[in-house]
Amino acid sequence: MPGGRLTQQERQQIALGLADGLAYAEIARRLDRPTSTITREVMRNDGPTAYRADLAHRATERRAHRRRQTAPRGPQAPPQAHGRDAEAVREYEETFTTVLMQSGVPKMMARVLACLCTSDAGSLTASELVQRLQVSPASISKAIAFLESQGLIRRERDERRRERYIVDDDVWYQSMMASARSTAQLVDTARQGVTVLGPGTPAAARLENIARFLDFVSESIARAADQAREILHTKPEATSGGTAEPSSDRG
């Protein structure tokens, strides 16, 4: 698949495809580009309903100009850990951020979450996030408050008493359980509406159907999260022969 930046003509084709209601994958196929490239392009330029090829092209040129202006002079930036390709990592972080945005996470919050998820330690301080993302401390603070309220990160203090923001396996479990609780609350509210609107009425029947559907989904999410936590968080246990076997409380 071809690399390099999108051309203005390609952006016009993206805009036409969006206007025709085409999926990102179909637009990507027509342009012989990765789907992630189209997804990232659209989401970083106001989304599918407000995307404009001319504005997107100018915005890209401005970003490229800023990168040239801020490029380090003299010695090169230190290499990525584990011999990683710095440009490939940057592109991946942008893709990850875009997918998070598509799932409903606001842009800055998505950038912070992607940055934490792609760090080897899985934890960063506010100053480290500011340096990596080149944004203000206030932006980081606001993003952290949102992510914490959604159960997506947790915070703790390190040995130097610095506050660190952490994303780990258990955080994702807590997030799923928070989603299940939120859905369960919506179920209760829908069922309250059945009483208010009168059982047997069309509106009440609609709300009861909503409640039943969401109740099933909520219970399924909670059950799946519990099962996944039990299975995936099982730690290997050393045997007398020196090999590791999964520990299990099941008979």
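**Architecture, cores and salt bridges of the predicted model**

The mean pLDDT of the protein is 82, and 84% of its residues reach 70 or more. Here pLDDT is the predictor's confidence in each residue, from 0 to 100. The model is predicted: local features need pLDDT of at least 70, side-chain atom pairs count only at pLDDT 80 or more, and totals for chains, interfaces and linings use all residues. Residues are numbered from 1 along each chain as its sequence is written, and side-chain values use heavy atoms, with hydrogens and water left out. Over residues 73-77 the value stays under 50, and the model has one contact for them beyond four places in sequence (contact: heavy atoms within 4.5 Å). Over residues 238-251 pLDDT also stays under 50, but here the model has 16 contacts beyond four places in sequence.

The protein contains ten helices and five strands. Both are DSSP runs numbered from the N terminus: helices are H or I, at least four residues, and strands are E, at least two. Buried residues account for 31% of the 251 residues. Buried means under 20% relative accessible area, exposed over 50%, and partly exposed in between (1.4 Å probe, protein chains only). The protein exposes about 16300 Å², of which carbon and sulfur atoms supply 53%. These areas come from the Shrake-Rupley method with a 1.4 Å probe; for residues, only the protein chains shown count as cover. Among contacts between residues at least 6 apart in sequence, 49% join residues at least 24 apart.

The largest nonpolar core has 35 residues, and Ile14, Ile38, Val112 and Leu129 touch the most other members. Helices H1 (8-19), H2 (24-31), H3 (35-43), H5 (86-102), H6 (107-117), H7 (126-133) and H8 (137-149) each supply at least two residues of this core. H6 gives the largest share, seven residues. A nonpolar core is a set of buried Ala, Val, Leu, Ile, Met, Phe, Trp, Tyr and Cys residues joined through side-chain atoms within 4.5 Å. Leaving aside neighbours within four places in sequence, isoleucine 38 contacts Ile14, Tyr24, Ile27, Ala28, Leu31 and Arg33.

H10 spans residues 202-232, 31 residues in all. From its first C-alpha to its last it reaches 44 Å, close to the 45 Å expected at 1.5 Å a residue. The expected span is 1.5 Å times one less than the number of residues.

A search of the whole structure finds 21 salt bridges. Each is a side-chain nitrogen of Lys or Arg within 4 Å of a carboxyl oxygen of Asp or Glu. One joins arginine 30 and glutamate 26, at 2.9 Å from N to O. Both residues lie in helix H2, four residues apart, about one turn of the helix. An α-helix has 3.6 residues a turn, so residues three or four places apart point the same way. Arginine 30 is exposed, at 56% relative accessibility. Glutamate 26 is partly exposed, at 22%.

Another salt bridge joins glutamate 128 and arginine 164 (3.4 Å, N to O). This pair links distant parts of the chain: glutamate 128 is in helix H7 and arginine 164 in strand S3 (residues 163-166), 36 residues apart. Glutamate 128 is partly exposed, at 25% relative accessibility, while arginine 164 is buried, at 14%. Arginine 164 also forms a salt bridge with aspartate 158, with the closest N and O atoms 3.6 Å apart. Aspartate 158 is buried, at 11% relative accessible area. Elsewhere, a network of salt bridges links Arg40, Arg44, Glu87, Arg90, Glu91 and Glu94.

Histidine 57 lies in helix H4 (residues 53-70). Its relative accessible area is 16%, so histidine 57 counts as buried. Not counting residues up to four places away in sequence, histidine 57 touches Leu6, Thr7, Gln8 and Arg11.

Backbone geometry was also examined. Most residues other than glycine have a negative phi. Aspartate 32 has a positive phi, near 55°. Aspartate 32 sits in the loop between H2 and H3 and is partly exposed, at 47% relative accessibility. Arginine 161 also has a positive phi, near 65°. Arginine 161 is in the loop between strand S2 (154-157) and S3, and at 60% relative accessibility is exposed.
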